[in-house]
Amino acid sequence: MIAAPPRWVRGLSGKLLWLTIAFVMLAEVLIFVPSVANMRLRWLQDRLNTAAAAAVVIDGLQPLELPRTVQDDTLIATGTKAIVLRKDGTSRLLVVDDMPPEVDAKFDLADVTSLQSISDALYTLALGGDRIVRVYGPIGDNDTIVEMVMQEKSLRSAMIAYARSVFTVSLLISVFTALLMYLAINRMMIRPVRRLTNSMQAFAEQPEDPARILQPARGGDEIAVAGRHLSMMQQQLQKTLKQQKNLADLGLAVSKINHDMRNILASAQLMSDRLVDVEDPMVKSFAPKLLRTIDRAVGYTTEVLAYGQASEAEPRRRRFCLAELSQEVRDILAIDAESGIEFIDLVGAEIEVDADSEQLFRVIHNICRNAVQALSTYGGDTPGAVRRITVSAQRVGSVVAIAIDDTGPGMACKARENLFAAFRGSARSGGTGLGLAIARELVLAHGGTIALVEKPGPGTLFRIEIPDRPVSLDDWRARA
């Protein structure tokens with residue numbers, strides 16, 4: 001079994017290390033090509049200068065002829081096969097030894113371009129070594145030109161040695177640079193990123209554990225900002241998970257209570273049915289309202305888990321008089337006259353609404369009940385304080401707008417931020433915020449809207465808009 005490579009090799013830091021080495025080596029290769037061309041020109045120029053010095057000495061000894069041994073020593077010292085001096089329009093062969101019949105290449109050091117120099121250097125380095133070349137150039141600033149014929153083997157050996165040393169130095173520079181970059185970036189980036197990754201993995205294993213929340217590092221760089229956002233996201237997610245757990249526990253508790261509560265209400269419903277037979281006028285006036293209230297309670301217990309199932313029953317819409325429903329809300333609230341709270345019903349008898357009467361009753365009753373609870377603890381110590389709930393409505397075209405206005409203390413900023421959010425949007429201490437959440441869901445099921453309206457004076461104003469159901473052309477023709 002082949003062992004897996006170390007983490008630093010497989011990870012981002014290892015990849016960065018190898019990429020840095022590769023890129024620095026690539027840069028060194030791009031630098032190496034012109035540098036080896038310059039090295040070749042310098043090498044040839046040095047040999048040419050040495051040959052020129054020997055040529056000047058030999059030329060000064062004229063008309064004497066150098067012994068053969070001196071010529072051989074001169075050729076060995078200059079590394080050439082022949083030295084030629086061109087002066088005053090004439091060429092003179094100064095020293096020669098085994099002159100080849102032909103020359104493979106010639107190079108003028110006084111007239112060479114950069115591209116040609118690079119091309120010649122690459123050719124010599126890759127394919128040269130066996131050629132006989134002729135190299136020539138001027139001596140100083142005069143018109144005297146010195147030529148030398150030589151084998152290219154020594155030049156190629158010098159170039160290979162130079163390339164080997166450049167490669168070694170480049171490799172050391174690359175490794176050293178990559179190591180420095182690795183240490184710097186590993187400290188500035190890789191370690192913080194690994195810390196974020198480990199925090200996400202640990203939080204995913206036990207998101208309910210507060211100790212798994214990332215402690216963000218200080219700083220203004222992008223990773224520090226990402227760490228702070230991750231920490232805030234983990235905190236918010238932990239709160240959401242806690243709320244979801246509370247909802248699940250609440251649903252389990254309600255399901256246990258629901259069965260017994262339905263039995264109790266069923267028994268109360270059976271007993272209240274007997275009130276219809278009582279001849280007392282007071283009992284006869286209150287008996288129908290009591291029966292409807294108990295019927296609603298039975299219906300609520302049957303559908304009490306509907307909110308937890310993320311859906312309410314589909315509205316059973318019909319057209320009915322809105323004034324009757326608002327009056328029924330007023331009766332169910334049963335506001336005590338001694339409380340000082342006024343309930344003003346301004347809904348006209350001519351206004352009809354196309355809605356589910358039971359669901360719309362729940363919406364208006366929830367908002368009005370919240371208003372009563374807010375007014376019952378507001379203004380008690382202020383003489384002459386007005387505590388009033390006003391329900392009004394108007395129809396504009398196919399939309400009925402219902403306004404529920406109170407003169408209470410209004411809603412706190414926290415309640416406004418979490419308006420219509422269950423367990424977070426309560427305006428009073430100990431409230432759950434379910435009333436407004438349920439009201440919004442019921443209004444949306446009718447295709448309408450519910451909103452908190454800003455008002456100049458104190459208090460709270462909710463506006464509910466319920467549109468009529470669209471009527472198809474065939475239905476309109478059938479009714480017509």
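**Exercise 1. Is His365 buried or exposed, and what does it touch?**

His365 is buried, at a relative accessible area of 14%. The cut-offs: buried is under 20% relative accessible area, exposed is over 50%, and partly exposed lies in between (1.4 Å probe, protein chains only). This is a predicted model: local features need pLDDT of at least 70, side-chain atom pairs count only at pLDDT 80 or more, and totals for chains, interfaces and linings use all residues. Residues are numbered from 1 along each chain as its sequence is written, and side-chain values use heavy atoms, with hydrogens and water left out.

His365 sits in helix H9 (residues 357-376). Helices (H or I, at least four residues) and strands (E, at least two) are DSSP runs, numbered from the N terminus.

Now list the contacts, meaning heavy atoms within 4.5 Å. Leaving out residues up to four places away in sequence, His365 touches Val329, Ile332 and Leu333.

**Exercise 2. Describe helix H8: its span, and which residues are buried.**

Start with the span. H8 covers residues 322-333, twelve residues in total. From first C-alpha to last, H8 reaches 17 Å, close to the 16 Å expected at 1.5 Å a residue. The expected span is 1.5 Å times one less than the number of residues.

Then check burial. Leu322, Ala323, Leu325, Ser326, Glu328, Val329 and Leu333 are buried in H8. Val329 and Leu333 are also among the residues that His365 touches.

Finish at the end of the helix. Just after H8, Ala334 takes a positive phi of about 50°.

**Exercise 3. Which residue pairs with Arg319 in a salt bridge, and where do the partners lie?**

First, the criterion. A salt bridge is a side-chain nitrogen of Lys or Arg within 4 Å of a carboxyl oxygen of Asp or Glu. The structure holds eleven salt bridges.

Arg319 pairs with Glu352, with the closest N and O atoms 3.5 Å apart. The pair links distant parts of the chain: Arg319 is in strand E6 (residues 318-321) and Glu352 is in strand E8 (residues 352-355), 33 residues apart.

Arg319 is partly exposed at 43%. Glu352 is partly exposed at 35%.

**Exercise 4. How exposed are the partners of the Glu205 salt bridge?**

Glu205 bridges to Arg212, with the closest N and O atoms 3.7 Å apart. Glu205 is exposed, with a relative accessible area of 62%. Arg212 counts as partly exposed at 23%.
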